[in-house]
Amino acid sequence: MKQGLFITLEGIDGAGKSTHAQALAEALQAAGHALVRTREPGGTPLAERLRGLALEQGQEMDGMTEALLMFAARRDHVRAVIAPALAQGRTVLCDRFTDATFAYQGGGRGVSWQALAQLEQIALDHDLMHGQMHNGASHKANNERGAEPADCGQAPRPDLTLWFDLPPPQAARRLQGARLPDRFEAQPLAFFEAVRSAYARRMAEDARRFVRIDAAQPAPAVRRAALAALQERGWIGPAG
Ligand code: TYD
């Protein structure tokens, strides 16, 4: 079975990605994709509990602790939801993924880029599907023969990442009064400037995977730009 498409949505808080996720989901479904919509941190019962810990106002922790929680949640989510769905040929649309950890914990909190890259490897590429694609006994036998288990280890990476990019002052104005801020939304503008720069760095490091959407445009134009990225790849029809 052909591996499904993995699409992620990124951007600072208030950039509007959640609003446009609905239109993207509808367009993908109308084009015949078997769609799984999910989000991070979260997407499984355990990961949602970790989300609660990480986002709760008043729960202070250092950046590396945050990063560890994010990657713990992500590993569970990838194992239980994302990898199985992709293996069944489904399209996964995920609100935030690893880029958010580089942006928020790396850019925002100052955790080193290199440490995050190492964490990513450990959390996502270390025997990820152990106990699902093969049982423990055969895995042990494989290792004793010195053989790597067949392709069970590596987590999927996004095929496309839509980065909804908006200057932080505009994002803050959009969020004002919208809801009670979580721990990240309550950060000062300088934090979001750093998060935004880190997204730009991620894009520069992997330009082919990313599409930057100018989220300062009026909503219909933002939606058209997001849909156009899927149309250009032939994933949805020209009418969206
Ligand atoms: P968000 O998508 O903004 O959820 P909601 O729209 O319900 O508020 O994500 C929650 C917050 O989590 C957001 O402020 C960014 C933060 N976050 C990180 O700091 N690191 C991560 O790795 C992820 C996935 C999210």
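Which residue just after H3 takes a positive phi? Select Gly 89, whose phi is about 85°. This model is predicted, so to speak of local features requires a pLDDT of at least 70, side-chain atom pairs count only at pLDDT 80 or more, and totals for chains, interfaces and linings use all residues. Residues are numbered from 1 along each chain as its sequence is written, and side-chain values use heavy atoms, with hydrogens and water left out.

Next, select helix H3 (63-87); helices here are DSSP runs of H or I with at least four residues, numbered from the N terminus. At Val 78, H3 bends by about 50°, the angle between axes fitted to the seven residues ending there and the seven starting there.

Now select the ligand. Around the ligand are 18 residues, each with a heavy atom within 4 Å of it. The closest are Asp 13, Lys 17, Arg 96, Thr 101 and Gln 105. H1 (17-30), H2 (45-55), H3 and H4 (98-108) each supply at least two shell residues, and the largest share, four residues, comes from H4.

An N or O atom in the side chain of Gln 105 lies 2.8 Å from a nitrogen atom of the ligand. For Glu 185, an N or O side-chain atom is 3.2 Å from a ligand oxygen atom. A polar side-chain atom of Arg 74 is also 3.2 Å from an oxygen atom of the ligand.

Notes: A polar contact is a pair of N or O atoms within 3.5 Å; within protein, one must be able to donate a hydrogen and the other to accept it, and residues adjacent in sequence count only if both atoms are side-chain atoms.
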